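Hi,

Here is the structure I promised to pass on.

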Amino acid sequence: MRRLFLVPFLLALGASAPAMAQCAEEDTLAEAALELALERELTGAALTRALRTAGSDLPHGWARRFHDRADAEAWLRQLDADAPLACGWAERPGVITVVAGARAGTLEVEGDSARATVVDGFREAHLVVRDGDDRLHRLALEQGEASLVDLERPLVVQLVATGPRGPRPIAERRSGAPATPQVAGSGPFSSRLDALRSVRGASPLRPNRLLTAAANRHARAICAAGVAAHRLERSDPESRLASEGIEARVVGEAVARVAPGADALQALVESPGHAAALTDRRFTDVGVGEATARGRRCVVVSLAAWPRFVGRR
């Protein structure tokens, strides 16, 4: 079995400022904090835009506003990161905006080549690239490098690696100005997923109640934990299916933790690594689980190739 897994007195403070507790300051994250200090609300979309505008390769992170530096440092200490914490902050009278992220690796794209690094504790690093024709490519890294010479521009290049909580995108760069892929329709999640797979040349998926049970259980778990992860404690995608009595040729999973009104499928498809898993032609069955907690909606898509029931363990 295989896995796929303009405010006055605004100041951006980078590495020259006194270091925040428990994090390594990065200038790009300080720039992102400066961008967010000008926003009315700290939404996930605003954070993504700020990270890209600032030139950070972090694909996601956390952002909060505080009135007191001690409160900001306490928040940083409480963040549940699976890699060393990086941060940046911007300050104006009475308000501190902090941006932080788990620094599991780095990614640089120059011309026709990409260079990546991965921290200790992460393995199986590779690139997933969306090209200008909206095709997805998985590229192996050789001594931390990969060639992009034959790919149609513009590109979204994502570094994916497996860490303590399973595989996830750990860095992302854009070459040019790629369009955002759009998922059509407003119907059920599974129907829209099948429509997406059809566009990618993949067959529709059979709804599977046991996969759905496993997906619902994990959705509740990640919502309760407040993290989007494939592995929590001793649970991983394969063991979750085994607990429902299922074995499969290939097991996959996609996880999203979004605002209650956000489109989870759209969020997943915008990530090349997640889009590649959702449209993998090997999968035959699907279960979709949802839960809401801590002001977030958690969606888990459990995928399997030719699953069979062998009895619950």
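A word on naming before anything else: helices (H or I, at least four residues) and strands (E, at least two) are DSSP runs, numbered from the N terminus. Residue numbers start from 1 along each chain as its sequence is written, and side-chain values use heavy atoms, with hydrogens and water left out. Bear in mind that this is a predicted model, where local features need pLDDT of at least 70 and side-chain atom pairs count only at pLDDT 80 or more, while totals for chains, interfaces and linings use all residues.

I started with S56, which sits in the loop between α2 (44-54) and β4 (62-66). S56 is buried, with a relative accessible area of 7%; buried here means under 20% relative accessible area with a 1.4 Å probe, protein chains only. What does S56 touch, not counting residues up to four places away in sequence? Its contacts (heavy atoms within 4.5 Å) are T28, L29, L51, R103, E172 and R173. The side chain of S56 also reaches the backbone nitrogen of L58, at 3.1 Å.

β13 covers residues 166-175, and nine of its ten residues are buried. β13 pairs with β12 (residues 155-163) in the antiparallel sense over nine bridges; two strands count as paired if DSSP finds at least two bridges between them. The two form a hairpin with two residues between them, and A161 has R168 in β13 as its bridge partner.

Then there is an open sheet of three strands, in the order β7-β8-β11, with antiparallel pairing. β7 (105-110) and β11 (145-147) stand at the edges with a single partner strand each, so one side of each has no neighbour in the sheet. On average, neighbouring strands of this sheet are turned by 15 degrees against each other, direction ignored (axes are lines fitted to C-alpha atoms; angles run from 0 to 180 degrees between N-to-C directions).

Within that sheet, β7 and β8 (residues 113-118) run antiparallel and are joined by six bridges. E108 stands opposite R115 in β8, and V109 stands opposite A114 in β8. As a reminder, in a regular strand the side chains alternate between the two faces of the sheet. The hairpin of β7 and β8 has two residues between the strands, and G111 there takes a positive phi near 60 degrees.

Cheers

Definitions and conventions. Buried < 20%, exposed > 50% of the residue type's maximum accessible area, 1.4 Å probe, protein only. Polar contact = N/O pair within 3.5 Å; in protein donor to acceptor, adjacent residues only side chain to side chain.
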